[in-house]
Every structure is written in C-alpha cells, then in structure tokens.
Amino acid sequence: MLSRIAGFSAAWLLAAVAVQGWGAQAPFAVDEVAPGVFVHQGRIADLAEENGGDIANIGFVVGERCVAVIDTGSTRRIGEALLAALRARTELPVCYVINTHMHLDHVFGNAAFEGEAGVAFVAAARMPASLSARAEGYLRTLDHEVGEAAEGTRAVYPTMLVEAEASLDLGGRTLTLRAWPTAHTDNDLTVFDERTRTLWTGDLLFERFVPIVDGSIRGWLDVIERLAKLPAARMVPGHGAIHLPGGAALAAERGYLAGVANTVRKAIGRGDSLRQVLDAEEGSAPAEWALAERFHARNLSAAYTELEWED
Ligand SMILES: [Zn+2]
C-alpha cells in the first residue's frame with residue numbers, strides 16, 4: 001500500500017511539473033555530444049508560452065575538478081532544469097557559468113547557479129553594458145511571451161570578463177575562451193574545449209534557425225571566415241542541430257548573410273530606400289531557414305542601416 005501511494009504521488013508530481021513547466025514537454029534532455037560535453041537542444045522556435053522559452057542550445061563541460069556551464073536559457077526555471085540535469089551526472093562543483101552573449105535566451109537562467117559555492121560568471125568584456133541596456137525590455141518580453149514559466153527570472157551579471165582570450169582550467173581539461181569583434185552582437189564569445197576540440201559558437205553559428213543580425217553583418221562574415229579556420233572537430237551552435245561537424249553549417253550561414261548583404265548593397269547602389277527594399281523583398285524570406293518570415297525583413301533593415309554608410 002505504501003509503495004502504491006508513493007507511486008501515485010510520484011505520478012502526480014510528474015503531472016504537476018508538466019503543467020507548471022512548459023507544456024507537454026519531455027524531461028529536460030541533455031546529450032553527451034563528446035566525452036564530458038553535454039548539450040540540451042532548444043526548440044527551433046521563438047519564445048512562447050508552450051515552450052517556456054526553451055529555444056537555445058545550452059549545456060556544460062565536465063572536468064576532473066569542476067564543471068563549466070555554457071549558457072543558461074531564457075528563464076530561471078530553465079537554468080534550474082539544466083542544473084538538475086548536471087547534478088544527475090556529476091557531483092563536482094560548478095566553477096564557471098559562461099555566457100556566449102547577452103541575448104535573453106542565453107543568460108536568464110544564470111540565477112539558478114548563484115548558490116554554487118565559488119562560481120564565477122564569465123562573459124565578453126562588452127557584455128554587461130549590452131545586457132544592462134536591454135535587461136528591462138527583455139524581462140517585459142519574457143513576461144509577455146512566456147508568462148508564468150518566466151516567473152522569478154532576473155539578470156545576473158558576469159563577475160569575470162574576457163577582453164580577448166582566456167583559459168579556464170576545469171582540472172585536466174582546458175577551455176579556451178575568445179571574445180570576437182562585433183558580429184552577431186557586440187559581445188560574442190566562443191568556448192573551445194581543447195580535449196575534444198568541441199567549439200561552442202554561441203549565436204555566431206545558427207543552424208536551420210535563421211541567423212539574426214544584431215551587431216554587424218560585415219563583422220559577422222569576417223568572423224565566420226576565422227571560425228572556419230579553427231581546428232574544431234565539432235561545433236555546438238546557439239540554435240539548431242547539436243551534432244555538427246560545423247563546416248557545412250558555417251558555409252550555409254555565410255551564404256545567407258552574404259545574400260542579405262548583396263541584396264542590400266545592390267539596392268543602395270540603385271538609390272533605393274529601405275522601404276523600397278522591404279517592399280521588393282516582401283514574401284521572399286528563404287524557405288530553408290526556420291523563422292525567416294519573422295526575422296528576414298529585420299535582417300534586411302539591419303544590413304541597410306549598416307551598409308548605407310560603407311565606402
Ligand atoms: Zn543571440
């Protein structure tokens with residue numbers, strides 16, 4: 001009888017978590033993409049109540065002494081789910097929580113890790129200013145788009161900044177962090193696990209999910225060339241497939257961004273206004289990219305604003 005009661009309450013608890021969590025979602029899945037490298041794949045979707053904001057790829061790398069978390073999701077609740085998945089695999093302390101850039105879907109689970117003794121929050125040097133300029137708006141967006149599942153979410157800022165490059169020692173395992181010139185945003189940071197040659201690109205690489213320009217399209221195209229030369233055996237993009245050799249996905253991204261830049265440069269050359277560009281490109285969002293109907297026009301606008309003044 002006791003065990004039946006226990007079984008009943010466990011089932012009830014699971015149901016309650018599913019209802020309070022983000023819809024009818026499977027448990028928080030984490031894949032070991034390389035030895036000691038664990039990734040949770042976010043949905044290929046925009047923020048919504050039904051996905052609870054679970055839209056970015058996030059995860060962790062386990063060393064012999066401690067663990068580094070790389071991005072924490074859109075909400076405190078996602079951060080807590082990531083921490084629970086981590087604790088199911090290792091007892092080692094979390095020594096670093098690294099944010100690849102300031103976008104809300106990568107940083108707002110940080111609060112779940114504040115209780116880890118000795119943890120440092122790590123980001124590119126320009127990240128705190130960029131996050132603080134957006135944080136209030138981001139929290140309003142979360143409240144509006146995600147609702148209850150975003151409750152308790154707040155910004156937690158980095159305590160360790162990377163100007164150009166840094167090495168983090170996890171015990172027998174080194175992560176090399178690199179801050180890049182303005183590309184996807186003005187504070188992109190990559191994480192390279194030397195042991196497995198896994199490159200966490202943050203949103204410098206989008207797979208299937210249309211790339212979103214929030215920094216510089218020219219800068220991003222330059223950075224893609226440099227990423228392609230790194231000795232990575234695999235890449236973990238900010239959005240999209242998590243088992244990726246990297247090369248083909250980078251080439252597809254380069255193709256998309258170069259296409260946007262090319263369209264906009266030609267229009268500027270003809271003397272077209274931004275309005276004319278958007279009207280001419282209406283309905284031309286490339287079908288091979290998810291969410292292009294939502295973000296393609298925005299990318300054209302961002303590119304126009306940037307390229308209007310180029311020599
Ligand atoms: Zn982003």
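Select Asn-99, in the loop between β5 (94-98) and α3 (104-107); helices here are DSSP runs of H or I with at least four residues, strands are runs of E with at least two, and both are numbered from the N terminus. The model is a predicted one, in which local features need pLDDT of at least 70, side-chain atom pairs count only at pLDDT 80 or more, and totals for chains, interfaces and linings use all residues. Residues are numbered from 1 along each chain as its sequence is written.

Asn-99 counts as buried because it has 27 C-beta neighbours inside 10 Å. The classes are set by the number of other C-beta atoms within 10 Å of a residue's own, with C-beta atoms placed from the backbone: 20 or more is buried, 12 or fewer is exposed, and anything in between is partly exposed. Show the contacts of Asn-99 next: leaving aside neighbours within four places in sequence, they are Asp-71, His-106, Val-107, Ala-123, Met-127 and Pro-158. A contact requires the two C-beta atoms, placed from the backbone, to lie within 7 Å. Then draw a distance from Asn-99 to Gly-202: the C-alpha atoms are separated by 8.4 Å, and the two residues are 103 apart along the chain.

Move to Gly-73, in the loop between β4 (67-70) and α2 (76-87). Gly-73 is buried, since 30 other C-beta atoms lie within 10 Å. Not counting residues up to four places away in sequence, Gly-73 touches Gly-53, Asp-54, Ala-56, Ile-58, Ile-78, Gly-79, Leu-82, Asp-105, Phe-108 and Gly-109. Between the C-alpha atoms of Gly-73 and Ile-242, 169 residues apart along the chain, the separation is 15 Å.

Next, select Pro-181, in the loop between β9 (174-179) and β10. With 14 C-beta neighbours inside 10 Å, Pro-181 is classed as partly exposed. Outside four places in sequence, Pro-181 is in contact with Gly-219 and Val-223. A line from Pro-181 to Ala-297, 116 residues apart along the chain, gives a C-alpha separation of 24 Å.

Arg-197 sits in the loop between β10 (189-193) and β11. Its phi is near 55 degrees, a positive value in a residue other than glycine. Arg-197 is partly exposed, with 14 other C-beta atoms within 10 Å. Arg-208 is in the loop between β11 and α5. Although Arg-208 is not a glycine, its phi is positive, about 65 degrees. Arg-208 is also partly exposed, having 15 other C-beta atoms within 10 Å.

Now select helix α6, residues 247-270. Its 24 residues should span 34 Å at 1.5 Å a residue, and the end C-alpha atoms are 34 Å apart, which agrees; the expected span is 1.5 Å times one less than the number of residues. Colour Leu-250, Glu-253, Leu-257, Val-260, Ala-261, Val-264 and Ala-267, which are buried in α6. Which elements do the buried residues of α6 pack against? They pack against β11 (198-206), α5 (217-228), α7 (274-281) and α8 (292-307). Following α6 is Gly-271, with a positive phi near 85 degrees.

α5 and α6 pack at about 160 degrees with their axes 10 Å apart; axes are lines fitted to C-alpha atoms, for helices over the stretch in contact, and angles run from 0 to 180 degrees between N-to-C directions. The two helices are therefore roughly antiparallel; under 35 degrees counts as roughly parallel, over 145 as roughly antiparallel, 65 to 115 as roughly perpendicular, and the rest as oblique. From α5 the contact uses Ile-217, Trp-220, Leu-221, Ile-224, Leu-227 and Ala-228, and from α6 Gly-247, Leu-250, Glu-253, Arg-254, Leu-257, Ala-258, Val-260 and Ala-261. These residues divide into 11 nonpolar, one polar and two charged; Ala, Val, Leu, Ile, Met, Phe, Trp, Tyr, Cys and Pro count as nonpolar, Asp, Glu, Lys and Arg as charged, and the others, Gly among them, as polar.

The axes of α6 and α8 come within 9 Å and cross at roughly 55 degrees, so the pair is oblique. The contact is made by Val-260, Ala-261, Val-264, Arg-265 and Ile-268 of α6 with Asn-299, Leu-300, Ala-303, Tyr-304 and Leu-307 of α8. This set comprises eight nonpolar, one polar and one charged residue.
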